[in-house]
Amino acid sequence: MNAVTGLALRILMFVSLYAFLGTAVWLLWKSITGSRLRGGTIAIPTLTLATTINGDQMIQTYTSSDVLVGRNPDCDLVLNDETVSGRHGRLTYHLNQWWYEDLKSTNGSWLDDLKIEEPIVVKDNDSIYCGDAVFKIYIKPLQ
Amino acid sequence: MLLLVCITLFLYAAALSLATGTRLHSEKLIISAEYYIPFLVWLAGTLGVQRNIRRRLPNRDPWIFPATSGLTGLGMLTIWRLSPDLGLKQSVWFLVGCGLFLIALNTTDLIKILKTYKYVWLFLGIILIGLTFVVGVNPTGTGQRLWLKVFEVYIQPSEPLKLLLIIYLAGFFADQIRPNVSWLGSIFPTLVVVGSAGLLLVAQRDLGTASLFISLYILMLTVTTQRRRLLWVIPALALVAGAVGYFAFDVVRTRVDIWVNPWLNTSGNAWQLAQAQIAIASGGLTGTGPGLGSPQFVPIAVSDFIFTAIGEELGLLGTSAVLFLLLLLVVRGIKIALSSKTTFGRYLAFGISAYFALQSTFIIGGNLGLLPLTGVTLPFLSYGGSSLVTNIIAVLLLLRISTETSPQDLPEKARSPYQWVTGIFVVIFLLISAWNGYLAYPNQQKLIAKAENPRWAVYDRYSPRGEIYALSGEKLVEVQGEPGSYALWVNEPQLSNTLGYAQPLYGQSGLQSSQYELLRGYVGVPFEERWQHELLYNQPPAGLDIKLNINLALQNKADELLGDHKGAVILVNAQTGEIYAIASHPSFDANTIAENWDSLMQRTDAPLLNRATQGSYPLGSLASTLAYGSLVESNHAFDLGPTQDSFRLDPFCYRAMQVAGSSINAFQYGCESVAEETLNSTDPAILKADLEAFGLFSAPDLAIETADPSPALSVEQLDQNPLSVMEVQVSPVQMVMVAATITNNGMRPAPALVNSYYSREGTWQAFGPSQAAQVVLSENLSEEIQDNLRSDTQTIWYQIGHALINQEEPLTWYIGGTTPEWSAAPLAIAIAIEEEAPELALQIGNTLLNLSVSN
């Protein structure tokens with residue numbers, strides 16, 4: 001009597017335990033996939049970068065929160081200049097600000113006279129110097 | 001979510017409450033209601049806390065509380081199952097923890113207070129540790145003195161110190177605006193603090209906690225300075241510290257040694273590790289069932305080894321759930337850190353999560369033999385009030401931090417160390433789980449079969465072993481008592497050497513060991529029955545009875561005749577090899593083996609040795625008979641007639657001949673000169689083949705343990721020194737097969753001790769001979785040998801021999817058998833007496849052979 005009841009309880013115990021674990025996995029999975037979608041809906045002030053290379057004016061607008069600057073063709077902003085490193089710097093949006101950080105480039109990045117060692121906050125109309133190249137930042141504030 | 005946790009734990013408590021009745025195979029429902037106490041305490045505390053956090057922290061992380069309360073409840077019930085006393089204490093501690101939780105929950109500025117007074121908390125912790133040096137105690141009375149005793153309550157200050165240190169580090173690093181600006185400015189103060197706390201612990205020999213601190217510190221440094229490569233420091237430091245510690249501390253050396261090979265020395269500390277692995281294996285995939293296993297065989301199962309206790313009774317399913325819940329806690333904790341609004345909250349949440357992760361890794365890895373054992377607790381599960389209360393408070397902190405989230409994500413560079421740490425712990429937990437699975441399933445049978453596994457002794461108490469009968473149905477060993485207290489009783493203690501003992505502390509021997517599978521019901525029982533018992537009771541089914549070939553009348557006579565003399569007698573059916581009597585003196589009483597163990601072990605006359613099967617005696621002058629066949633086959637002429645010289649030179653031979661009072665026969669009375677002459681005149685190649693055919697160099701195929709056979713002599717050795725045959729070590733059971741061969745027309749049967757087993761169909765199933773009789777001598781030759789050794793007055797043949805054990809102690813041999821005129825089944829006998837006693841040998845041999853007619 002004890003044995004059979006005990007066995008039934010054991011089985012139910014595992015069912016209940018794994019129902020708990022299964023629910024946990026399922027809900028976690030949902031929350032991960034859900035938060036990705038939500039992450040895309042966070043409003044970001046539109047970033048526009050302007051540069052002149054070989055006399056050509058180039059203006060690009062970005063909607064992502066992460067913009068890579070460099071000479072490599074896969075960069076978001078390609079600066080075709082020998083003094084620019086492959087991956088020269090990066091603009092990211094967090095804590096309600098656009099930030100620029102230098103990615104240990106050979107010739108460094110400068111905000112006017114200031115050499116950029118640490119990530120710094122950039123604002124509308126700032127100019128960033130990457131080696132001999134330069135680009136200008138326009139930020140359209142949120143509505 | 002919490003509802004499922006409550007249901008699971010209720011079912012666990014309910015299953016535990018039925019375990020006693022299950023083990024006893026009770027027909028009626030027996031319920032041990034005490035297991036509901038920890039469940040109800042847990043339920044009250046959990047629901048009380050849940051009500052409050054629902055009101056005060058509506059935006060909390062939804063996983064932390066169900067996961068940790070589930071682990072705590074599982075721990076409380078498991079501790080109660082292992083020790084109700086400690087279970088009660090743990091329940092009280094749990095309520096204390098819940099009380100503190102509610103107080104902390106209602107302290108509005110808790111996080112701020114923690115941060116502001118971080119140095120106060122830190123020094124409080126360090127002072128407590130310092131106090132253990134002055135007034136430290138150990139609740140068990142011996143060992144490391146890591147506890148403080150406050151009004152009969154033991155507190156282990158290193159537990160809260162862990163949390164206090166995390167608070168301090170989080171506060172300190174949060175104050176640094178740019179933690180990676182200056183190494184000296186930001187790292188040095190913390191290094192001093194952590195270093196001194198670590199040193200205090202090292203001085204206390206609490207090396208587990210010390211290494212935990214250091215690992216934790218490095219993990220926090222990694223995320224605060226955003227330098228991922230710092231993670232390499234942990235394995236590097238572990239190697240260096242391990243190497244230094246190995247030579248500096250005995251504790252470290254033994255821990256590492258037994259970690260490397262726990263099976264090498266399973267008596268001391270390694271016992272624990274070996275038992276831990278056996279416990280995991282005993283649990284297998286689904287566990288023995290709550291309350292049905294024997295997890296208490298692992299020392300300190302309630303605290304350090306609670307993981308293995310869960311592994312035994314809930315199996316891999318249970319331990320995987322524990323690992324999953326711990327990992328869930330860690331992953332969610334780091335998630336809370338990443339989305340925390342304040343830097344202090346982020347570092348604090350990360351520190352707490354890393355602490356849970358590291359401590360779980362340390363102790364579970366240690367339990368399973370993946371890491372050297374460090375005596376830290378398994379968070380939420382292990383017995384220990386200081387640890388439980390600290391963990392409960394840590395959970396509160398996590399929950400509070402989880403309610404204050406930042407809407408923005410951290411920059412990529414700052415996120416990455418957190419993600420790396422999470423990834424590393426996910427991998428570590430998966431590895432632990434995989435190894436746990438390996439121990440529990442592919443390696444299961446190997447571990448369960450280890451000699452160190454004492455679970456059979458528990459099975460014997462609840463499920464009767466098979467009994468052992470003599471051939472005519474007399475019970476030699478019977479099972480007494482009732483379920484829960486079954487015990488073996490040996491009715492014929494003089495046979496203890498052969499029947500053996502099964503004693504929890506000293507293991508099993510003789511037939512109890514060799515026929516274990518049958519007696520214990522592992523073989524010969526239908527698979528369904530075994531499976532059903534395993535599943536329902538975690539016990540093997542009732543064992544099968546076995547019947548020996550022993551003839552109790554002959555056995556008793558042999559024992560009586562051998563008396564107090566050291567030696568062995570073994571009587572067999574010469575045709576079938578069935579052993580009718582097997583005596584070995586001095587013997588012991590298997591019924592009192594536990595009481596007399598020490599004195600039995602101290603005795604120099606080896607009473608536990610079965611001389612008939614395990615005795616190793618030089619062949620001596622019996623070599624003449626063994627060599628006779630090859631002598632004839634080599635076509636050497638040799639006069640076996642009486643030579644006065646043989647007798648003059650050999651006083652034993654002379655004495656034997658006088659005792660027998662028969663005609664002079666130098667061959668029959670084992671004159672050494674005859675043996676030497678026989679050996680010297682024989683062709684070595686033929687001799688070697690004959691000795692091998694007689695089975696002198698091979699272990700007899702017997703149901704109980706036998707002596708290792710002597711290495712075979714090569715033809716060259718025999719050629720150079722034929723007399724080396726007389727030094728060959730043989731056991732009486734080997735010699736009785738020689739006697740059987742001579743009696744049975746030159747055919748050597750295999751010895752047979754066990755006759756049959758009582759099958760579940762209700763019939764005695766005979767064991768056939770283990771192998772067919774082998775031709776050793778031609779019929780003519782065996783007759784010729786018999787003629788040489790024939791008794792003048794009886795229908796028997798015999799030869800007396802002698803030898804020196806270790807070249808000093810005298811030994812008397814007797815082998816004999818019946819002649820073809822004998823009317824009943826042919827018999828053979830071998831006797832070895834460890835003294836010069838031809839009279840006794842003759843008396844025993846002739847009496848037993850003649851007595852057999854009437855039986």
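Modeller: Happy to! This is a predicted model, in which local features need pLDDT of at least 70, side-chain atom pairs count only at pLDDT 80 or more, and totals for chains, interfaces and linings use all residues. Residues are numbered from 1 along each chain as its sequence is written, while chains are lettered from A and ligands numbered from 1 in the order in which they are written.

Now to your contact: 33 residues come from chain B and 24 residues from chain A, with two residues in contact if their C-beta atoms, placed from the backbone, lie within 7 Å. On the side of chain B that touches chain A, at least two residues each are supplied by helix H1 (2–23), helix H13 (306–338) and helix H22 (527–537) of chain B. Helices (H or I, at least four residues) and strands (E, at least two) are DSSP runs, numbered from the N terminus. H1(B) gives the largest share of that side, twelve residues. By type, that side of chain B has 23 nonpolar, six polar and four charged residues; Ala, Val, Leu, Ile, Met, Phe, Trp, Tyr, Cys and Pro count as nonpolar, Asp, Glu, Lys and Arg as charged, and the others, Gly among them, as polar.

Let's follow H13(B) away from chain A. Its axis and that of helix H14 (residues 343–367) of chain B come within 9 Å and cross at roughly 160° (axes are lines fitted to C-alpha atoms, for helices over the stretch in contact, and angles run from 0 to 180 degrees between N-to-C directions). H13(B) is therefore roughly antiparallel to H14(B), a label for angles over 145 degrees. Residues that make the contact include Phe307(B), Leu326(B) and Leu329(B) of H13(B), and Arg346(B), Phe350(B) and Phe356(B) of H14(B). The contact of these two helices divides into 13 nonpolar residues, five polar and one charged.

The C-alpha atoms of chain B fill a box of roughly 115 × 60 × 45 Å, taken along the principal axes. Of the 855 residues of chain B, 51% count as buried, meaning that 20 or more other C-beta atoms lie within 10 Å of a residue's own, with C-beta atoms placed from the backbone. Among contacts in chain B with a separation of 6 or more, 69% join residues 24 or more positions apart.

How values were computed:
Buried ≥ 20, exposed ≤ 12 C-beta atoms within 10 Å, placed from the backbone. Parallel < 35°, antiparallel > 145°, perpendicular 65-115°, else oblique.
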